Amino acid sequence: MENNLIQAAVDYIHNLDWSDIFINITSNKLLFILSIAIPVIIPLLNIYKRIVRIRKIVILKVLNWMLVSQVDLARYKIKVLSDIALLVIAIIIFFITDTKYRWCAIIPIVVIVIAECCANYKHILQRIPFKRIKEFPYLKYEQAALIIPKGLVGILSTTLKEVKDIPANPRMMKIHFATTDESYETRQVITDKSIIERIIKNEIVAYYDSLTEKIREKGYDRSQFFYIENENGHKEFICDILKGIYSLENVYNAIIQVQSDITQDGSIRFIGDKVGIRGYKLEKGELLLDIYETDHFTFKVFKKIFKDRRFKKIFQEIICRTNKANDNIRLLLVESLAFLFSSFGIDIIIGGKDARGAKKMLVAARSGNIESNHKSTLHVPVNESFSRTDLVEHDQYYSPYHCVLRGIKEELGIPEETCKKASISFHDFAIVSDEGEIGLGCYVDFSFVMPLEEARLYPGQDKYLELADILIVPYPPFKWSPFAYEDYFYKTTGNEKFCMQWQSFTTLLYQRAILRNAEASIPIIWLVDSIIILTLLFLLTNYTQIDLTSTAISLILGGLALFIVKRFNNKPVHKLTYGKLLKPFVPQWNGDVRVLQSTMHSQIVKGSRKETNPIANGIMFGLNSPSTQRLKLSDIHLLTPPFCTVRREFVNFTEYPISFYYVAEKNGNIGSCLSFIKIPYALSGDDLSLLLTVKTEKGHIVSYNFTKSIHSDIILDFAKTLDEKQLNTFSKYYRLNRYLLKKTPIASLDENFQKRWFPLDLFHAGNDYFWSVIDMEDELEKHDSYDFDFKINKKTQPRDLYMKVIATNMNRSCFSIRLNGHLKDMETFLCAFTSRNDNRRKMSDLDIYMMQLFLIRIGIVYAKKK
C-alpha cells in the first residue's frame, strides 16, 4: 500500500507540466511574492506571543483585583472559563443568525449567561454594602469607594520599566533615635525625653505640617481619603491623627521596649544605617524613590508602634485606600506613611536553567537563627534592605540595582561581575499591610549566566548564617491561588523541607514571577503560525488565478525562506550546558561536613601583605580559666560550638565574618578541636598549580589529598580582657553573657599568622572544626616541596597521571605531585579525576568540600559532570 502511494506521488510530480506552473506562478508577480512572503512574515509578527503577553496583562489585572478585594477566585476558574465560552457562543450566534430572528436566538443565551454570573459571583456581590451606599445618596464616588472593604495589600505599580538611581542629597531628611557615631558598634540608644521630644517636633511634626499644607495646595483637604475615624469614632484629618500616634509618650515607650529586645532579637546586633521611603515619582513605568536616612534601631521603633493594636488598624486602612485612590491621592497617602516605611526591601527571585537546559527556580529555606520567632521558613533566595551600602559613583547615587547585586553576592556568594551578565527586572512596587512594609519585587534570570546547580556551589558571607538550604525546583505552571504552590513544590520534589511554613507573602511573589516569565510553547507557536499561513494561502488560492499546485510550490519556497530567517533570527546567544548532569561531589547542606561561615570572593586580596587582616583578626578565643597564659592551639579544645556572625564597619561599609571560640585547656579531656588546613596553590594569570599528596600502604593507594594541615605551632596569648566598649560590642554580636565575657581572658591569632594566612571557610566535620586557609603570597614552590611535576593539557586523562607517576612510585609511603595547567584544562582534569569511583573513595568529604569552595572562587566549577 505504502509503495503504491509513493509511486503515485512520484508519477504525479513527474507528469507535472513545469513550464505551465512556472508561467502560472510568474503571471501575477505580486501574488507570487505574497505566497512566498506570507510564511516568512507571519512568524516574525509573533502573533501567539503577543496573545500570551496580552493574557499576562489581563491575568495580572485580575490578580491585583483579587489581592485588594480579598477574593479567592481559584476554585471559580473553570466557571469563569465556561462563562467566557457562553459569551463567545452568544456573539457567534448573533452574527450568523438571520437579522429577522437574531434577537430571538440570542435572548436565551443572554439569560443563561446572566443567571450563571449571578450564581457564580454572588459571593462578590454580597461583599458590596449597597444599603450603606444608598443611605448616603450625597456621597461622591471616592466616599463610596471608602465604604467598600478592600484587601491588605497596597499595590502602587505592577509593571516597571526601570528603577532609577537616586541622587544623594546631603540635605535629605534624617531621623534617628540612636546616636550616629562613625562606628556602628558604639552607637547608643537615645532615652533622654527632652532629646526625643525635640526630634519629634523638628522632624515628625514639621513633616506632617508640611504635608498638610501640600494636601491643601492640591485641593484634597476635604477629600474623604484623608479623613479617618479615631478611637472616639470621630473623623479626623490624616496628618493630625498620625501626629497623635507619634506622640512623645508612644515613641518613648517604643524606644524602651525595643532597647530591651536588643539582647534577645538576633536581627539587632548593631545599629546600622538604613534608607526610608517618604515618597516616589512614577512616570511611564520609570520609578524614582524619594528617600531619607535613618537607622536599624529607629526602624524597629516605628515597627513597634505599627504593631500596637490601637494603631495597626489605622495604618492598614491608609494602606488599603491606596488601592482605590487615583495616582495623585495615592502618592500623598504613601507620603503620610513615611515613618512607617523607614526600611525598604527588595525580594529577589532567581530563575534560570539547570545543566540539562530545563527551566528551574531557586527557593531558600531560611534558618530560624535569624528570625525573631526562631522558626525556619521558606522564602525567596535573596532578601535585601536598601541602605547606605548602596551608594555608588563616589557616593553620588543610591542604586537599587547595586542593592540587588550586593544581596546576591552576600547571600549566595556569586560575584557582582558575574551577576551583571544576568537579566534583572523590577516589578510589583507594593505595600504589605500585615507587616507594614514597602518594597519591590525583582526577578533575576541566570539562563545565560550559569546553570542553577552552579549557583548553589558558591560560598556566601551570609549564606550559611542565614540559610538552611537552597532548593532547585521545576518551573511550575501558573496557578490562580498562590497557596497552591505550597503543595505543588512538595509534590514535584518530594522534599520534606517544603513542609516548612512559607513567609507570609512569598508564594504571592512566586506566583507573579511565574506568570511574568512564562514562555509561549514552541509547538503551539508553530501550530498557530501554520494555521494562519495555510488559511491565507487557501484564500489566495481561491480568490486569485494561482492554482493549488503553484501555491504549494510557493509555500515550499516560503518555507525555505522561513527556515533561513529563523536560523539567523533565533541564533542562541550563549550555550550553557554541561550535558545532563552537574552534581556536587559532597552534600552542600545535610552531609557529614557542614559549612558554618565563609568569606566573600572579593575579600581575597592576591599577594596582600596588609598589617591587619580583618578576617583572621576576627577569629577570637576566650579561655574559661581566669588566669592569663600562653597556649598552643593543639593544647585546647572547644567547650561550645563556635559563635559566628558578620561585623560591619561604617567608614567604608565593609563587612567581614567574625567568630568566637570558648575554649579550655585539654588536661586529658579532649572535646571538639579547631584546626587550620591550608590549600597549597599558585595562580599566575590563567595558569593554576595545585599539590596532590598520595599516601600508599603495601602497594595500595590509601588516600588522595589536595589540602595539608598547618603543622607549625599556633600560639595563643590569653593576656588581655575586653574593655567596656568591646564588651558592649561583642556581647551583642555573639549574644553572650556580658558578665561572663568580662571575666574571660581573650586571645587572637598572632600577627605573623594574620600576615601570611587568609581564612576562607569554617567547617564542622565529625566532632571537630576546621578553617581552610590560603597563603596570601600564593607561591606553592616557595613554601611547599613536591616530588614530581605533572603538566595538564586538554587531552590529559586521570589514567595518564596514574600510569606515568602514581603507578611507578607505589613503593613510596607518601609523595606529592604538582599539577599545573590552564584553568579550563585543570577544571576538566580535576572533575574527571574525582568522578572516578576508585579515586573518590580515597578522598575525604572535608578535602573535597574545601577544594570546591576554593576553586569556584577562582572560576573552576568542581563537580561531577556528564
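Modeller: D838 is partly exposed, at a relative accessible area of 29% (buried is under 20%, exposed over 50%, and partly exposed in between, with a 1.4 Å probe and protein chains only). The partner of D838 in a salt bridge is R836, with 3.3 Å between the closest N and O atoms; the term requires a side-chain nitrogen of Lys or Arg within 4 Å of a carboxyl oxygen of Asp or Glu. R836 is likewise partly exposed, its relative accessibility being 39%. Elsewhere, salt bridges with shared partners link E384, D390, R406 and E410 into one network.

The model is predicted: local features need pLDDT of at least 70 and side-chain atom pairs pLDDT 80 or more, while totals for chains, interfaces and linings use all residues. Residues are numbered from 1 along each chain as its sequence is written, and side-chain values rest on heavy atoms, without hydrogens and water.

Over the whole structure, 34 salt bridges are found. One of them joins R321 to E317, at 2.7 Å from N to O. These two residues are four apart in helix α14 (309-321), so about one helical turn separates R321 from E317. Helices (H or I, at least four residues) and strands (E, at least two) are DSSP runs numbered from the N terminus. R321 is buried at 8% relative accessibility, whereas E317 is partly exposed at 30%.

Another salt bridge pairs D761 with R857, at 2.9 Å from N to O. D761 belongs to strand β31 (757-765) and R857 to helix α32 (845-857), so this pair ties together parts 96 residues apart in sequence. Both ends are covered: D761 is buried at 0% relative accessibility, and R857 is buried at 6%.

The surroundings include a pair of packed helices. Two such helices are described by the angle between their axes and the distance between the axes. Helix α10 (193-217) and helix α15 (327-336) pack at about 170 degrees, with 11 Å between their axes. The axes are lines fitted to C-alpha atoms over the stretch in contact, and the angle, from 0 to 180 degrees, is taken between N-to-C directions. α10 and α15 are therefore roughly antiparallel, a label for angles over 145 degrees. Y207, Y208, L211, K214 and I215 of α10 meet L332, E335 and S336 of α15, contact meaning heavy atoms within 4.5 Å. Of the residues in this contact, five are nonpolar, one is polar and two are charged. Here Ala, Val, Leu, Ile, Met, Phe, Trp, Tyr, Cys and Pro count as nonpolar, Asp, Glu, Lys and Arg as charged, and the others, Gly among them, as polar.

Helix α21 (506-516) is mostly covered, with 10 of its 11 residues buried. Among the buried residues of α21 are R512 and T507. T507 has a relative accessible area of 3% and is buried. Apart from neighbours within four places in sequence, T507 touches P482, F483, Y485, E486 and W502.

Finally, there is an open sheet of three strands, ordered β3-β13-β12 with antiparallel pairing; two strands pair if DSSP finds at least two bridges between them. Its edges are β3 (166-167) and β12 (391-392), each pairing on one side only. β3 is joined to β13 (397-398) by two bridges, and I166 has Y398 of β13 as its bridge partner.

Conventions
Angles under 35 degrees count as roughly parallel, over 145 as roughly antiparallel, 65 to 115 as roughly perpendicular and the rest as oblique.
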